[in-house]
Amino acid sequence: MESKVLKPILAVYVGLFILFLYGPFIVLGILSFQQGPEGGPQFPIISWSTYWYQHLFGLTPPSRIAPLPVGEALIRSLVLAFMTMVTATVLGVMAAQAFRKRFRGAGIVFYLIVLGMMVPGVLTGLGTSLLANNVVGIERHWWSTAFLAHVVYTFPFAFLVMLAILNRFDGSVEEASWSLGVSPITTFRKVTFPLIFPGVLSAMLFAFTLSFDEFPRTLFASGRDQTLPLAIYGTFSVEIHPNIFAFGVMTTLFSFALLSVYGILMALSVRRAKKMAMQEDIA
Amino acid sequence: MTQSEPIFRMEGVTHRYGDLTALDDIDFVAEDNSYIALLGPSGSGKTCLLRVIAGFEKPDKGRIWFQGRDITDLPAHERGIGFVFQNFALFPHLTIFENVAFGLRNGAVKVSETDIADRVTDAIDMVGLTGLEDRSPDQISGGQKQRVALARSLVLQPKLVLLDEPLGALDANLRERMQIELRAIRERLDVTFLHVTGSETEALAMGDKVAVLDQGQIVQYGTPDAIYDSPAISDVALFLNRFNLFNGELQGDTFVGPFGTVPVTAAQPNKSDVYAIRYDRTRIFSADAVDLPGPALPVRYLASEYLGSSIVFLFETKDRKTVEVDHHLSLGEPRDLTVGENYTLSWDPAQAIVFGKETAR
């Protein structure tokens with residue numbers, strides 16, 4: 001049988017693939033438990049300790065290694081990612097909604113929107129900063145120019161997610177709502193939105209994570225105050241200590257927490273989606 | 001049946017999808033408090049007509065009046081016309097109660113909670129779903145969904161409800177029960193139902209009046225008897241699925257068809273010359289019979305189909321056209337036929353309907 005040969009090969013391949021995927025993170029995780037402050041970011045582990053985690057929160061006695069300058073950068077990145085998430089998702093839902101009616105020029109507008117995620121990030125960042133400095137004449141900030149660059153980047157993702165969701169959406173429930181004397185706005189709030197909510201969640205997740213670790217666009221567009229990825233990069237250029245790894249583990253755990261919330265919300269609304277699908281099957 | 005003021009009227013309504021004319025200059029009037037069936041084959045524009053009336057689509061030309069008001073430019077949610085979808089289109093995220101309450105709760109007119117509770121309970125009771133209020137739409141059967149969809153519209157006390165093939169998604173058994181129930185529910189309320197269907201039996205059984213739609217035009221509008229007994233054009237006779245139709249030539253007082261030349265007393269104006277005789281008025285004789293009541297059509301017997309109250313016999317003419325004879329069993333036992341044998345079909349020529357291009361008569 002073909003599968004007798006093929007199956008083990010595929011299994012090994014998948015195993016290697018996953019190892020490759022998580023290898024860097026596993027190494028990082030192990031090294032974050034290096035002894036401190038003498039231990040460096042390399043093997044062997046001198047002895048296991050949580051020193052670098054304590055160091056991160058300023059719980060260790062002062063040493064020659066400065067604490068990571070990430071506190072404010074973390075807040076900035078979280079706020080920026082949140083602002084970007086809300087804006088990109090709202091725009092994405094609205095744009096995808098508009099595309100349900102094949103308006104004139106829809107094809108061109110589609111490509112213009114999607115181009116936002118195709119253009120090299122460095123160019124967008126550089127362009128944004130040049131535009132702000134030389135053409136418009138405003139200062140660059142993480143909450144203004146960088147925010148714009150992030151929205152331009154994440155909006156197409158939110159838009160594509162919503163487009164896929166709305167393509168499968170059966171419009172007759174909306175028409176049913178109108179025929180019951182309910183205005184289109186209320187219909188969107190009470191019918192459409194609850195039913196496309198799983199898609200909205202996905203779009204939000206995309207926008208948040210893309211913005212949270214965005215580097216090339218932010219590099220030029222953010223001005224004086226740095227976001228988290230820039231701040232971390234800044235510390236690399238001096239000297240690397242395992243506290244960065246500890247921080248990496250912390251942010252990853254944060255991401256998992258975020259994903260779990262997403263998963264729970266998704267599971268709740270998938271029940272709805274199933275009901276929806278069953279109704280469509282009858283049609 | 002009380003026939004009074006027209007509740008609904010449309011004049012010269014035309015609607016196109018690109019090059020396709022779905023509705024072609026339609027005039028239509030619906031009486032208050034009646035059951036109107038709109039019969040049409042697929043692609044006749046019947047769903048388009050409903051969607052234009054509901055306001056989901058705007059006609060290219062023509063005006064629409066409802067309750068004495070021109071509603072042509074009103075959006076769907078301001079028309080006050082109910083709509084029942086073939087796929088029910090219940091709100092999957094709401095309970096049955098909330099589905100029925102939806103229009104009361106979210107409409108332009110504020111309704112108090114106690115009024116909502118009373119009216120929704122009444123509506124659910126009327127369609128016989130008491131006890132299922134807290135279920136969600138995926139926990140009830142197709143027939144129950146249909147009732148929820150109906151209750152959801154009727155709770156708003158509309159004067160006109162559009163039903164788009166409402167029985168199409170139900171199995172045959174349930175369909176007959178829902179036919180009776182739909183009529184019963186309508187009769188209890190002062191409301192006009194406009195029921196779109198592709199099934200001629202459904203249209204004839206349910207409608208106080210039947211409108212036949214073909215290629216975007218209403219080709220006949222009348223009581224079921226009138227349509228059944230005297231289809232206006234040969235296409236209507238074809239949809240009714242109860243007529244043997246023969247192409248031929250109308251020459252003055254005679255019609256020349258596969259059964260020879262027959263005298264004709266009257267002819268309906270039509271696109272082409274067609275001779276129509278109902279299945280149940282076509283009778284079977286042996287091939288060499290002489291005392292025929294009318295024209296003689298030589299045929300070969302193919303098969304029969306037992307339908308409970310009647311038997312349908314299928315024959316084939318020389319030019320391979322299938323001819324049906326419907327023998328009702330209350331008229332006595334049918335004669336024994338041998339498959340492949342030749343027989344002669346005949347009928348009383350007074351019962352035939354002749355359609356002709358010459359409209360001079």
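I take two residues as in contact if their C-beta atoms, placed from the backbone, lie within 7 Å. Helices (H or I, at least four residues) and strands (E, at least two) are DSSP runs, numbered from the N terminus.

**Entry 1. Conventions**

I am working with a predicted model, in which local features need pLDDT of at least 70, side-chain atom pairs count only at pLDDT 80 or more, and totals for chains, interfaces and linings use all residues. Residues are numbered from 1 along each chain as its sequence is written, while chains are lettered from A and ligands numbered from 1 in the order in which they are written.

**Entry 2. Chain A overall**

I looked up the secondary structure of chain A and found 11 helices and zero strands. The pattern along its sequence reads α-α-α-α-α-α-α-α-α-α-α.

I then checked the dimensions. The radius of gyration of chain A, taken over C-alpha atoms, is 24 Å, whereas a compact globule of 283 residues would have a value near 19 Å; the globule rule is 2.2 Å times the number of residues to the power 0.38. Along the principal axes, the C-alpha atoms of chain A fill a box of roughly 75 × 70 × 35 Å.

For burial I used C-beta atoms placed from the backbone: a residue is buried if 20 or more other C-beta atoms lie within 10 Å of its own, exposed if 12 or fewer, and partly exposed in between. In chain A, 34% of the 283 residues are buried. Of the contacts in chain A with a separation of 6 or more, 77% are between residues 24 or more positions apart.

**Entry 3. Domains and annotation of chain A**

I noted the domain assignment, whose bounds come from an automatic or database source. Chain A is given domain 1 (1-67 + 239-260) and domain 2 (75-231). The centres of domain 1 and domain 2 of chain A, taken over C-alpha atoms, are 32 Å apart.

The UniProt record, an unreviewed entry, annotates residues 74-262 of chain A as "domain: ABC transmembrane type-1". UniProt positions are in the numbering used here, feature names are shortened, and annotations may be inferred rather than shown by experiment. I found the span 74-262 of chain A to be 78% helix and 0% strand, with its end C-alpha atoms 21 Å apart.

**Entry 4. Helix α7 of chain A**

I went through α7(A), residues 172-179, and counted eight of its eight residues as buried. Among them are A:Glu174, A:Glu175 and A:Trp178. What covers the buried residues of α7(A) includes α8 (184-212) of chain A, and from chain B α1 (46-54), β6 and α2. After α7(A) comes A:Gly181, with a positive phi near 80°.

**Entry 5. The contact between chains A and B**

I listed the residues on each side: 23 from chain A and 29 from chain B. On the side of chain B that touches chain A, the elements giving two or more residues are β6 (82-84), α2 (96-106) and α4 (142-154) of chain B.

**Entry 6. A:Pro216**

I located A:Pro216 in helix α9 (residues 216-221) of chain A. A:Pro216 is partly exposed because it has 17 C-beta neighbours inside 10 Å. Not counting residues up to four places away in sequence, A:Pro216 touches A:Gly121, A:Val122 and A:Gly125. The C-alpha atoms of A:Pro216 and A:Leu230 are separated by 9.2 Å, and the two residues are 14 apart along the chain.

**Entry 7. Strands and loops of chain B**

I counted two strands as paired if DSSP finds at least two bridges between them. β1 (residues 6-17) and β2 of chain B run antiparallel and are joined by eight bridges. In this pairing B:Arg9 stands opposite B:Val29 of β2(B). The hairpin of β1(B) and β2(B) has two residues between the strands, and B:Gly18 in it takes a positive phi near 60°. β1(B) also pairs with β4(B), antiparallel, over five bridges, and B:Thr14 stands opposite B:Lys61 in β4(B).

B:Asn33 has phi near 55° and lies in the loop between β2 (20-31) and β3 (35-39) of chain B. B:Asn33 counts as partly exposed because 19 other C-beta atoms lie within 10 Å. B:Gln67 has a positive phi of about 50° and sits in the loop between β4 (61-66) and β5 (69-70) of chain B. B:Gln67 is partly exposed, with 15 C-beta neighbours inside 10 Å.
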